[in-house]
Amino acid sequence: MAETGTDLLKAASLLRQGSLVAIPTETVYGLAGNALDEEAVLNIFEVKERPSFDPLIVHTWHRDTFSTFCAYVPDLAYQLAEHFMPGPLTLILPRSDNIPLIVTSGNDTVGIRIPDHPLTLDLLEQLDFPLAAPSANPFGYISPTSAVHVEAQLGKAIPYILDGGPCRVGLESTIIQIRDDSAEVLRLGGLEIGMIEEAIGKKIDRIRLSASNPQAPGMLSSHYAPRKKLIVGNIIENLEKLQPTACAALTFSDWVSGIPREYQARLSPSGDLHEAARNLFSAMRKLDDLPVTYILAETVPATGLGLAINDRLQRAGA
Ligand code: TXA
Ligand code: MG
């Protein structure tokens, strides 16, 4: 078992020794190690059973550090950082030689993010290196939004979980690739694209959002998946084709009939997409632990954060 607590000095000291520590962020918990230490980074890939072609995001505490980790920082990146960082946004920028190639899976770009969580910002400020951190779950499984989720899966493999409470956003960061004055979405996430477009005063390309996009394996068509078979669609119609006792239901705001309520999770009884995002991964985990064969899920309204929620549901069901 990992020790769980709020001891920043302990977390910092472990990271300085090259150990891994789970860290809270506003999106999901991360599995963090010194981004400049190749052995620590290799250990992240091993603990997560993550393929080496899937690059890691580098976490830092202030945009003044970007120029250390990036070969070049376009004005557009600083503009976005001023608006949204700290926050649920990752920028893909040209990599500087300071960042080991193992972090970026050999790419000449690097993902940079300033997580919006007081404990982790404090931790990052205390360290004189940035943290490489993927979501703290085994590759392909549901991301953790609480310390308990991390403990359940990676507890045996890491010494310490920094407990920052439940994640406020609940969906991974939105990933935007910046090239000079152009911006392109690589992953829908906790920051709405509409807000980004409003801030920069122009539309963002979404052309590489396809499920098989090798640029961002987080966008693999099957990802974020529970062990049970998740079926996305009209729950009542799908229930008719299956043995009801074999089914759990993941709904947006209303209960469905035909499945006991203990076997259902409502993402937001009031129909609020932020609340739904916050609850999504813990609801998926809860239903995944029930003795059922199927999780029947419905999509949420396809607007704002609903687009990212539906993206995760589709990938969980693929
Ligand atoms: O909210 C988040 O982003 C969380 C927290 C812990 O910060 N992290 C996270 O990391 O979701 P991970 O590793 O589970 O997903 C990161 C995604 C991967 O799909 C990876 O392919 C993409 O970011 N990525 C990282 N660096 C990249 C790069 N240089 N080019 C393209 N995609 C990149
Ligand atoms: Mg992940």
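Is Glu49 buried or exposed? At 65% relative accessibility, Glu49 counts as exposed, where buried means under 20% relative accessible area, exposed over 50% and partly exposed in between, for a 1.4 Å probe and protein chains only.

## Basis of the description

The structure is a predicted model, in which local features need pLDDT of at least 70 and side-chain atom pairs count only at pLDDT 80 or more, while totals for chains, interfaces and linings use all residues. Residues are numbered from 1 along each chain as its sequence is written, chains are lettered from A and ligands numbered from 1 in the order in which they are written, and side-chain values use heavy atoms, with hydrogens and water left out.

Helices (H or I, at least four residues) and strands (E, at least two) are DSSP runs, numbered from the N terminus.

## Backbone features in loops

Most residues other than glycine have a negative phi, and most peptide bonds are trans. Glu49, which is not a glycine, has a positive phi of about 50 degrees, and it is found in the loop between helix H2 (38–48) and strand S4 (57–59). Ser105, again a residue other than glycine, has a positive phi near 55 degrees; Ser105 has its place in the loop between S5 and strand S6 (109–113), and its relative accessible area of 22% makes it partly exposed.

The peptide bond that leads from Met85 to Pro86 is cis, with omega near 5 degrees. Pro86 is placed in the loop between helix H4 (75–84) and strand S5 (89–94).

## Helix H9 against helix H10

Two packed helices are described by the angle between their axes and the distance between the axes. Here axes are lines fitted to C-alpha atoms, for helices over the stretch in contact, and angles run from 0 to 180 degrees between N-to-C directions. Helix H9 (residues 273–288) packs with helix H10 (residues 305–317) at an angle of about 20 degrees, and their axes are 9 Å apart. H9 and H10 are therefore roughly parallel to each other, given that angles under 35 degrees count as roughly parallel, over 145 as roughly antiparallel, 65 to 115 as roughly perpendicular and the rest as oblique.

The crossing of H9 and H10 is left-handed; a crossing has this hand if the near helix is turned anticlockwise from the far one by less than a right angle, and is right-handed if clockwise. On the H9 side the contact (heavy atoms within 4.5 Å) is made by Leu273, His274, Ala276, Ala277, Leu280, Phe281 and Met284, and on the H10 side by Leu305, Gly306, Ile309, Arg312, Leu313 and Ala316. These residues divide into 10 nonpolar, 2 polar and 1 charged, with Ala, Val, Leu, Ile, Met, Phe, Trp, Tyr, Cys and Pro counted as nonpolar, Asp, Glu, Lys and Arg as charged, and the others, Gly among them, as polar.

## Two oblique helix pairs

The axes of helix H1 (residues 8–16) and helix H5 (residues 118–126) come within 10 Å and cross at roughly 50 degrees, so H1 and H5 are oblique to each other. H1 passes H5 in a right-handed crossing, in which Leu8, Leu9, Ala11, Ala12, Leu15 and Arg16 of H1 make the contact with Leu119, Asp122, Leu123 and Gln126 of H5. The division of these residues is 7 nonpolar, 1 polar and 2 charged.

H4 and helix H7 (residues 193–200) have axes that come within 10 Å and cross at roughly 120 degrees, and are therefore oblique to each other. H4 passes H7 in a right-handed crossing, where Leu76, Gln79, Leu80, His83 and Phe84 in H4 meet Met195, Ile196, Ala199 and Ile200 in H7. The residues of this contact comprise 7 nonpolar, 2 polar and no charged.

Glu172 lies in the loop between strand S8 (160–162) and strand S9 (174–179) and, at 3% relative accessibility, counts as buried. Its side chain is joined to that of Ser143 by a polar contact of 2.5 Å, and makes another polar contact, of 2.9 Å, with the side chain of Arg312. A polar contact is a pair of N or O atoms within 3.5 Å; within protein, one must be able to donate a hydrogen and the other to accept it, and residues adjacent in sequence count only if both atoms are side-chain atoms. Leaving aside neighbours within four places in sequence, the residues in contact with Glu172 include Thr27, Arg187, Tyr224 and Phe281.

Tyr141, in the loop between strand S7 (131–132) and helix H6 (147–154), counts as buried at 9% relative accessibility. Beyond its neighbours within four places in sequence, Tyr141 is in contact with Gln153, Tyr224, Ala225, Pro226, Arg227, Arg285 and Asp288.
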